[in-house]
Amino acid sequence: MSIRHGLLALLERGPRYGSQLRTEFESRTGSTWPLNVGQVYTTLNRLERDGMVAQGGEDAAGHALYAITDSGRAELRTWFEKPVDRTSPARDELAIKLAMAVGASGVDIRDVIQSQRRHTVKAMQDYTRLKAQALLAVESGGARERDDVAWLLVLEQLIFQTEAEARWLDHCESRLIRLSATAATTGSTTATTAGGTTRGTTGAASGGTAEAPAATATAPNGADTAPTEAAPPEAATPAAGAR
């Protein structure tokens with residue numbers, strides 16, 4: 001998140017002091033990314049060092065005001081025009097957690113996935129409720145309409161993001177089930193008897209009856225489904241109407 005550019009965007013509307021910038025930043029983003037005053041002033045000091053803002057006197061209450069410079073406006077225009085770089089994505093804690101859970105001792109990765117899915121769905125429901133409130137505020141109009149529209153866009157991004165995360169978690173669980181079933185099938189096919197004759201795919205070649213391996217699929221809820229057994233051979237069923 002670029003606090004630096006967010007503050008420049010707010011300062012383009014006119015001089016502001018630190019706590020005012022924090023309030024307006026949180027109002028515009030619905031406090032999704034809360035700031036503290038220390039962060040704001042640290043960022044303002046860096047922007048002032050880089051020549052992008054300058055202190056411009058005080059307001060009636062004695063607050064030191066900051067104003068954007070021409071260099072700051074040029075930086076802001078570049079930020080708006082340049083796409084956000086996706087070639088070096090930010091670290092995603094959930095992706096790292098699942099990657100580390102694979103093969104971890106004493107960790108059932110399916111439990112990790114299901115726990116996260118519950119949390120993700122709950123977050124999506126909360127964002128959807130907030131979206132309804134934001135839509136109502138936008139449609140009713142008012143002095144804060146610009147902030148309401150901005151908050152609505154942020155909420156919709158969060159909803160899309162959580163929807164994608166839920167789909168990805170479903171995909172991860174399905175992938176693990178398929179890999180588990182494949183591993184079980186491969187293990188059964190390559191198992192050998194004590195006499196050295198390979199059962200399964202090589203059974204028919206040695207004159208025996210080929211036996212299909214019993215693969216155990218793992219259900220999404222963590223329960224193992226019973227392996228499917230081949231039906232015993234039955235006598236031919238007479239044609240319809242035959243006595």
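1. Asp148 and its contacts. In this predicted model, Asp148 touches Ala137 and Val138, leaving aside neighbours within four places in sequence. Asp148 sits in helix H7, which spans residues 145–189. Its relative accessibility is 12%, so Asp148 counts as buried; the cut-off for buried is under 20%.

2. Crossing of H1 and H2. Helix H1 covers residues 3–11 and helix H2 covers residues 18–29. Their axes come within 10 Å and cross at roughly 105°. H1 and H2 are therefore roughly perpendicular to each other, since angles of 65 to 115 degrees fall in that class.

3. Who makes that contact. From H1, the residues are Gly6, Leu7, Leu10 and Leu11. H2 contributes Leu21, Glu24, Phe25 and Arg28. By class, five residues in the contact are nonpolar, one is polar and two are charged.

4. The largest nonpolar core. This core has 16 residues. Leu7, Leu8, Leu11, Leu21, Val40, Leu44 and Val53 touch the most other members. Two or more residues each come from H1, H2, helix H3 (37–49) and strand S2 (64–68). H1 gives the most, with five residues.

5. Leu7 in detail. Leu7 belongs to the H1 side of the contact with H2 and is also among the core residues that touch the most other members. Not counting residues up to four places away in sequence, Leu7 touches Leu21, Val40, Thr43 and Leu44.

6. A second core. A separate core of seven residues is also present. Its members include Leu94, Leu98, Ile109 and Cys172.

Note on methods: Residues are numbered from 1 along each chain as its sequence is written. This is a predicted model: local features need pLDDT of at least 70, side-chain atom pairs count only at pLDDT 80 or more; totals for chains, interfaces and linings use all residues. Side-chain values use heavy atoms; hydrogens and water are left out. Axes are lines fitted to C-alpha atoms, for helices over the stretch in contact, and angles run from 0 to 180 degrees between N-to-C directions. Helices (H or I, at least four residues) and strands (E, at least two) are DSSP runs, numbered from the N terminus. Angles under 35 degrees count as roughly parallel, over 145 as roughly antiparallel, 65 to 115 as roughly perpendicular and the rest as oblique. Contact means heavy atoms within 4.5 Å. Ala, Val, Leu, Ile, Met, Phe, Trp, Tyr, Cys and Pro count as nonpolar, Asp, Glu, Lys and Arg as charged, and the others, Gly among them, as polar. A nonpolar core is a set of buried Ala, Val, Leu, Ile, Met, Phe, Trp, Tyr and Cys residues joined through side-chain atoms within 4.5 Å. Buried means under 20% relative accessible area, exposed over 50%, partly exposed in between (1.4 Å probe, protein chains only).
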